Amino acid sequence: MAEIKTVGVAGSGTMGSGIAIVAARAGFRTIVYDTDAAALARARSEIEAFFAKSVERGKLAADQLPVVLDRLTGSTAPADLAACDLVIEAVFESLAVKHALFAALDKVCPPHTIFASNTSTLSITEIAGGSGRPDRVVGMHFCLPAQLMKLVEMSPGLVTSEASFAAAWQACEAMGQRPVKTKDHPGFILNGFLVPFNNDAIRLVEAGIAAPADIDKAIKRGMGYAMGPCELLDLIGLDTQILLCEALYGATHDPRAACPPLVRRMVAAGHLGRKSGRGFYRYDESGAMFGA
Amino acid sequence: MHYQVMINGVSRSFPGAHRLLAEATTDGDVVVLLGARAGKLLPSLARRDERRAILVELGTECLGVHTGEHRGAEGSNVIGFARFRLGDAEPSDLVELVVQPNAAPAALAGAQALFEGAGLHTALCHDAPGRILDRLLRPFFNATLRRLDEGLATADDMDLTLKLGLGYPEGTIALLERTGLAPHAEISQTLHEALGDPGFLPARRAQVAKARAHR
């Protein structure tokens, strides 16, 4: 397996930008691909702002700033990812979208290129099935914000070769991340546990057993968790919780993964969480939380 | 605040010395009934209706077991409570306060003032099996143990993932090993019987630990 020197990141949203920062910061030549030129430009400016802050905070030497930024390029042409040894996709969480992306990349990337999916809920084996190179597809689920969180859940699909998985694992460590190996299981570890757990908290609210503030206080004080489930759901977004539930319940039919009706009512009412100013709590323009 | 403490059996909430016990008086308009059989003290308690609050320590049972229930309109000066504690670990500083639909506001305010005055924190919930924390945590713990059996990841990797990914101070497997898998099995089994939800059915590893504890 060739040494990984050039990393492609497909998708320039929050997650894609974060992964690009991680790869470039670690010394990999990094190519960010997106079909939307405006999204690429936004991502570039956010990445530059992040590295500028890193210099201000003493996390990056000032003379390294242009070096790191030189390693990063953007492109709207899939053919530009032909130089990549590893391509990590962070596009919309849809099997069809990921299949279309990898099928297109399979035509332009050399045989040794490993495809990695940042999916948090879809099956790596199913994604690999539409990639044209199922033995060279791995799961690499970064946590948000990727540039600050060290954890990466790494999963081989049923036909992923040991060499591909080992090479991707090595690259992940070289990026300064902490990979953990999980089976190709819906939600892997984090979402597999978190989505049902958060649903259980929503059901307590729905059943009138406890208010969000009491649930959060109980979890934080009783268990020492940094954040209660209702605060976390407001941060994730209630609309995102619906998507996570649909993916997880669709794959497992676990009743705990089924989306509680209250979430759909909240989303219908525009109570999406922090991003809409109201979820389980209310937020002002500065992001300050009320109702806790 | 003047309050009286009456004890009947071993208390899981206050197993040892605590400010709340030390500052109790011989009488008061608030009474704290402590111990595994605390609720048994309720019927014979003098001047029951005149008290501002009567606080009954709960195990896994509902408060209604001690007070009775009436068409969803029950409630009085009796408030249930339990200090959250996992298995053999020390009790946390979180007290779950249990109220019925028509609980007296003055009784609830008294309960909050008493526990918070003793340096504890309170979270309010209605009278339901598992209250807040056991209701949320037991299915999560069982799911973790089941996934371990299914080979999702190693115990260390699952724990590390929860610590790094969610900021938990301790992974679930290590937490259950430290505090006891057998006590988890017992509480989870009780909640499974009360709620019928398969998520509460104790995971195999918890059942094994319970069986070994009772050999």
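1. A residue is called buried if 20 or more other C-beta atoms lie within 10 Å of its own, exposed if 12 or fewer do, and partly exposed in between, with C-beta atoms placed from the backbone. By this count A:H253, with 9 C-beta neighbours inside 10 Å, is exposed. A:H253 sits in the loop between α10 (238–252) and α11 (261–268) of chain A, where helices (H or I, at least four residues) and strands (E, at least two) are DSSP runs numbered from the N terminus. Although A:H253 is not a glycine, its phi is positive, at about 55 degrees.

2. Some notes on how to read the model come next. The structure is a predicted model, in which local features need pLDDT of at least 70 and side-chain atom pairs count only at pLDDT 80 or more, while totals for chains, interfaces and linings use all residues. Residues are numbered from 1 along each chain as its sequence is written, and chains are lettered from A and ligands numbered from 1 in the order in which they are written.

3. Two further backbone details deserve a look. In chain A, the peptide bond from A:L144 to A:P145 is cis, with omega near -15 degrees, and A:P145 belongs to the loop between β6 (137–142) and β7 (151–156) of chain A. In chain B, B:R71 is not a glycine but has a positive phi of about 55 degrees; B:R71 is placed in the loop between α2 (64–67) and β4 (78–83) of chain B, and counts as exposed because 6 other C-beta atoms lie within 10 Å.

4. Chain A is divided into domain 1 (6–181) and domain 2 (190–281), with domain bounds that come from an automatic or database domain assignment. Between the C-alpha centres of domain 1 and domain 2 of chain A there are 29 Å. Five residues of domain 1 of chain A are in contact with six residues of domain 2 of chain A, two residues being in contact if their C-beta atoms, placed from the backbone, lie within 7 Å. The side of domain 1 of chain A that touches domain 2 of chain A has one nonpolar, two polar and two charged residues; here Ala, Val, Leu, Ile, Met, Phe, Trp, Tyr, Cys and Pro count as nonpolar, Asp, Glu, Lys and Arg as charged, and the others, Gly among them, as polar.

5. Chain B has eight helices and six strands, which follow the pattern β-α-β-β-α-β-β-α-β-α-α-α-α-α along the sequence. The C-alpha trace of chain B spans about 60 × 35 × 35 Å along its principal axes. The radius of gyration, taken over C-alpha atoms, is compared with a globule rule of 2.2 Å times the number of residues to the power 0.38; for 215 residues a compact globule would have a value near 17 Å, and the 19 Å of chain B agrees with this. Of the 215 residues in chain B, 45% are buried, and among contacts in chain B with a separation of 6 or more, 61% join residues 24 or more positions apart.

6. Chain B is divided into domain 1 (3–126) and domain 2 (133–213), and the centres of these two domains of chain B, taken over C-alpha atoms, are separated by 28 Å. Seven residues from domain 1 of chain B and eight residues from domain 2 of chain B take part in the contact. On the side of domain 1 of chain B that touches domain 2 of chain B, there are three nonpolar, two polar and two charged residues.

7. Between the chains, 33 residues of chain B are in contact with 32 residues of chain A. On the side of chain B that touches chain A, β5 (94–99), β6 (121–126), α4 (133–150) and α5 (155–166) of chain B each supply at least two residues. That side of chain B has 20 nonpolar, nine polar and four charged residues.

8. B:H184 lies in helix α7 (residues 181–195) of chain B and is buried, with 26 other C-beta atoms within 10 Å. Leaving aside its neighbours within four places in sequence, B:H184 is in contact with B:G87, B:F141, B:L176 and B:A206. The C-alpha atoms of B:H184 and B:A206 are 6.9 Å apart, although 22 residues separate the two along the chain.
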